[in-house]
Amino acid sequence: MSDFEQVLYERIGPVARISHNRPERRNAEGTRMLEEMERAIAEALADDSIRVLVIAGVGDHFSAGHDLKEGESRRHYSVEQRYAHEERLFYDFCLKLRDAPKPTIAQVQGACLAAAFMLANMCDLVVASEDAFFADPVVNTLGAAAVEVLIHPSVLGMRAAKDLLFTGRRMDAREAYKIGMVSRLVPRSELEAETLALAGQIAKAPPFALKLVKRSLHRTMDMAGFRAGLDAHFDTHQLSHASAAFGDVWEKGLSTAIESGRKAVG
Ligand code: ZN
């Protein structure tokens, strides 16, 4: 098993739990963490004894999203450099998780913001505790067109997706459960146990049948244009990185955006 610094990899029977493990930074996702997470997911998928993957966060929060402090070091990236960086580490990484041939569950407490909202929603199911909250504020805080993977309409419905993206507001776990984005809503003290119970139940199903039904469900979406929409949005998102509004935020320094992100986390 690999050594991870910013990811915690746990094998719990037939379940691999892969957690953001940088609680002192609200589990901010930097390059190192995302590369470790990608490696951890690949290990779990290659291990025949693992039937279900759980994506989680150590500490009070699932994750506050991308590491904006590290992102500031990319402020002078060319269009080509930014495209390549985000395609590999944000877009392709997320879609690999979405396409995982084993069932995946996000276990969410506290903040689940922006890139972390995107990552959690790559999972097939979401178990959230009552203190969890979700937002994608980057239209408002960064002048960018949402995050890289426009998963929002398919998990929220179009009306709620517009509400959240236009305002940048938080959606609490109860609202997320009510509209169907969250599959199970549980007290914080029961989050780990309930998630593992759900994973354990799914792990009893024949893995090949699970793999096939997931493929069929995803193909149904893809035939309706889902994947082409995501691809198109990624390019549109890159265009927003070249906008004056985004450039202004960068010129002022990201401290304002980081501060508003911190306030959102509370
Ligand atoms: Zn971006």
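Tutor: Ground rules. This is a predicted model, where local features need pLDDT of at least 70, side-chain atom pairs count only at pLDDT 80 or more, and totals for chains, interfaces and linings use all residues. Residues are numbered from 1 along each chain as its sequence is written, and side-chain values use heavy atoms, with hydrogens and water left out.

Student: At what angle do the axes of helix α1 and helix α3 cross?

Tutor: Axes are lines fitted to C-alpha atoms, for helices over the stretch in contact; angles run from 0 to 180 degrees between N-to-C directions. Helices are DSSP runs (H or I, at least four residues), numbered from the N terminus. Here α1 (residues 31-46) and α3 (residues 79-98) cross at roughly 35°, and their axes come within 11 Å. The crossing is left-handed: the near helix is turned anticlockwise from the far one by less than a right angle.

Student: Which residues make the contact?

Tutor: Contact means heavy atoms within 4.5 Å. From α1 come T31, L34, E35, M37, E38 and I41; from α3, H85, R88, L89, F90, F93, K96 and L97. They divide into seven nonpolar, two polar and four charged. Ala, Val, Leu, Ile, Met, Phe, Trp, Tyr, Cys and Pro count as nonpolar, Asp, Glu, Lys and Arg as charged, the others, Gly among them, as polar.

Student: Which residues of helix α12 are buried?

Tutor: First the idea: an α-helix has 3.6 residues a turn, so residues three or four places apart point the same way. Buried means under 20% relative accessible area, exposed over 50%, partly exposed in between (1.4 Å probe, protein chains only). In α12 (residues 244-252), F246, V249 and W250 are buried. They cover an arc of only 95° around the axis, which puts them on the same side of α12. That arc is taken from the directions from the helix axis to the C-beta atoms. On the other side, A244, E251 and K252 are exposed. G253 follows α12, with a positive phi near 90°.

How values were computed:
Helices (H or I, at least four residues) and strands (E, at least two) are DSSP runs, numbered from the N terminus.
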